[in-house]
Amino acid sequence: MEEFLADLRDWLRIPSVSSDPNAAAEVRRGAEFCAGLLEKAGLDNVRLVEGPGHPLVVGDWLHAEGKPTLLCYGHYDVQPAEPLELWRTPPFEPTLIGGNLYARGAADDKGLAIILIKAVERYLRAGKPLPVNVKFLIEGEEESGGDHVSLYVAEEAASLRCDAALICDTEMFAPELPTICVGLRGIVYGELIVRTGETDLHSGVYGGTVANAVEAAARILARLKDEQGRIAIDGFDADVEPPSAEEQASWRRLPFDEENYRGAEAKVFALVGDPNQSLFARIWARPALEVHGIGGGFTGQGAKTVIPCEAVVKLSARLAAGQDPARAARLLAGAIAAAAPLGARSEFRVLHMAAASVIDPRNALVREAAAAMQEVFGVATVFTRSGGSIPIVGLFQKHLGVGAVLCGFGLPDDNLHAPNEKVYLPNVARGIEAIARYFERLGAL
Ligand code: BES
Ligand code: MN
Ligand code: MN
């Protein structure tokens, strides 16, 4: 555990922020360090794969003849640490407090991806053969929507053949409750630029005769959703595949307190959304549209009387199972174009998109993982979905024809993408144990 912890800390010290063009050298260092971990674990054919964007890290061990093959996926890139002033400890100086290790990337995903690496290392460094075959694919653009890994998976489909993908990049539903995520949402992420003319104008001299770009952007956005938060684009949800009655019934059995979710977890004033859908359906099985930020005009100190001529909006739609991302993007672009008020020209650009994914919990490879986790945690594993996205999962299904087994070892309060991200180390230790037992069970099938 001590050596393991030293490895994780060293990895976390590297600020591999994939969305920051100035951090490319650090992102590469993150990849090289990851390759070192795979080497040390005893994998064969470890190398960096160069291509558009940040390098991929690959390696394999394929000597368990006749046994299942798992494609172990993770990502070594992290979200930006900003806003820095809200961190209680430096984001790239991993700090242990109680059982929690605090750092950017602690839970998303270095601290969880390393579970797969260390589970393999336990066998190979002890000179023991693995009970299964493994192929590792660790990417560096998951957080920024890069397409290096998707091009690689499409091109290398033959060499990536496997029985399932295995991923540690999701959360447990509650502390002490082993969780397998059987559904992720997809995403269409876009940028909207609204212009009303060539320059900003004096709001007294021109107010009343010209359009205002920030106001126009607000009008466009307001037309995309109704008062209850439902997406108000005709036909947008027509291709949604609703979850089975059985799956929805299993959600009602989850230990859950809505008021605790509101006040203690999300820390919001009220829960909103479609009153005809359960809370879990709203986050796991329905599309959602969110504005991430609006820029334009004057928000500095004091007052300035100006009519802005440009506004920039970042927004995304989360997609439910069944939804075609290209169709969703087309409908969204059409609705935005149709909503522009007189005097405003809008331009919508899709930055990246990915399909949702679901896997049947009755799948034998999922069931064995659930059993292995139950052995280690001592209670029955629950199956949940997540509202988040792991873009490559849908492409594994498309190009390799396999589903992903998503073993969750993070916790709901790990502060993913936020200040004070952390990982609960006892779960990492139990994760390594559970993955090793999973290998054993698959080898004995
Ligand atoms: N690991 C997360 C996704 C996640 C978080 C799944 C919590 C389940 C529970 C992943 O790193 C992530 O943040 N994905 C992005 C993808 C996007 C940038 C294309 C997301 O969901 O916003
Ligand atoms: Mn992640
Ligand atoms: Mn993430």
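Colleague: Which residue coordinates both the manganese ion (ligand 2) and the manganese ion (ligand 3)?
Modeller: This is a predicted model. In it the manganese ion (ligand 2) and the manganese ion (ligand 3) are 3.6 Å apart. The residue that coordinates both is Asp108.

Colleague: Which protein residues coordinate the manganese ion (ligand 2), and at what distances?
Modeller: The donor residues follow the spacing H-x32-D-x60-D in sequence. They are His75 through NE2, Asp108 through OD, and Asp169 through two OD entries. The distances are 2.0 to 2.3 Å.

Colleague: How many residues apart are His75 and Asp169?
Modeller: His75 sits in strand S3. Asp169 sits in the loop between strand S7 (164-167) and strand S8 (179-184). Both residues are buried. The pair links distant parts of the chain, 94 residues apart.

Colleague: Which protein donors does the manganese ion (ligand 3) have, and how far away do they lie?
Modeller: The spacing along the chain is D-x34-E-x273-H. The donors are Asp108 (OD), Glu143 (OE), Glu143 (OE) and His417 (NE2). They lie 2.1 to 2.5 Å from the ion.

Colleague: What is the geometry at the manganese ion (ligand 3)?
Modeller: This site has six donor atoms. The angles among them run from 56 to 158 degrees. The site is irregular.

Colleague: How many residues apart in sequence are the parts that Glu143 and His417 tie together?
Modeller: Glu143 lies in the loop between strand S6 (133-139) and helix H4 (148-155). His417 lies in the loop between strand S17 (404-408) and strand S18 (422-424). So the pair ties together parts whose separation in sequence is 274 residues.

Colleague: Is Glu143 buried or exposed?
Modeller: Buried means under 20% relative accessible area. Glu143 has 15% relative accessibility, so Glu143 counts as buried.

Colleague: How many residues surround ligand 1?
Modeller: The closest are Glu142, Asp169, Arg318, Ser389 and His417. The total around ligand 1 is 14 residues.

Colleague: How far does a polar side-chain atom of Arg318 lie from an oxygen atom of ligand 1?
Modeller: Asp108 has a side-chain N or O atom 3.0 Å from an oxygen atom of ligand 1. For His417 a polar side-chain atom lies 2.8 Å from an oxygen atom of the ligand. For Arg318 the distance is 2.7 Å.

Colleague: What kind of aromatic pair do Tyr73 and Phe396 form?
Modeller: Tyr73 is in strand S3 (residues 69-75) and Phe396 is in helix H12 (residues 392-400), so the pair ties together parts 323 residues apart in sequence. Both residues are buried. The centres are 5.9 Å apart and the planes are at 80 degrees. Planes over 60 degrees apart count as edge-to-face. The pair is edge-to-face.

Colleague: Which residue in the hairpin of S1 and S2 takes a positive phi?
Modeller: Strands S1 (residues 44-49) and S2 (residues 56-61) run antiparallel, joined by four bridges. Six residues lie between the strands. The residue with a positive phi, near 80 degrees, is Gly53.

Key. Residues numbered from 1 in each chain as written. Chains lettered and ligands numbered in written order. Predicted model: local features only at pLDDT ≥ 70, side-chain atom pairs only at ≥ 80, totals over all residues. Heavy atoms only, no water. Phe/Tyr/Trp six-rings, centres within 6.5 Å; stacked < 30°, edge-to-face > 60°. Helix = DSSP H or I, 4+ residues; strand = E, 2+ residues; numbered from the N terminus. Buried < 20%, exposed > 50% of the residue type's maximum accessible area, 1.4 Å probe, protein only. Pairing = 2+ DSSP bridges. Donors = N, O, S within 2.8 Å, 3.2 Å for Na, K, Ca; no water. Tetrahedral: all angles 85-135°; square planar, octahedral: opposite > 155°, others 65-115°. Near = heavy atom within 4 Å. Polar contact = N/O pair within 3.5 Å; in protein donor to acceptor, adjacent residues only side chain to side chain.
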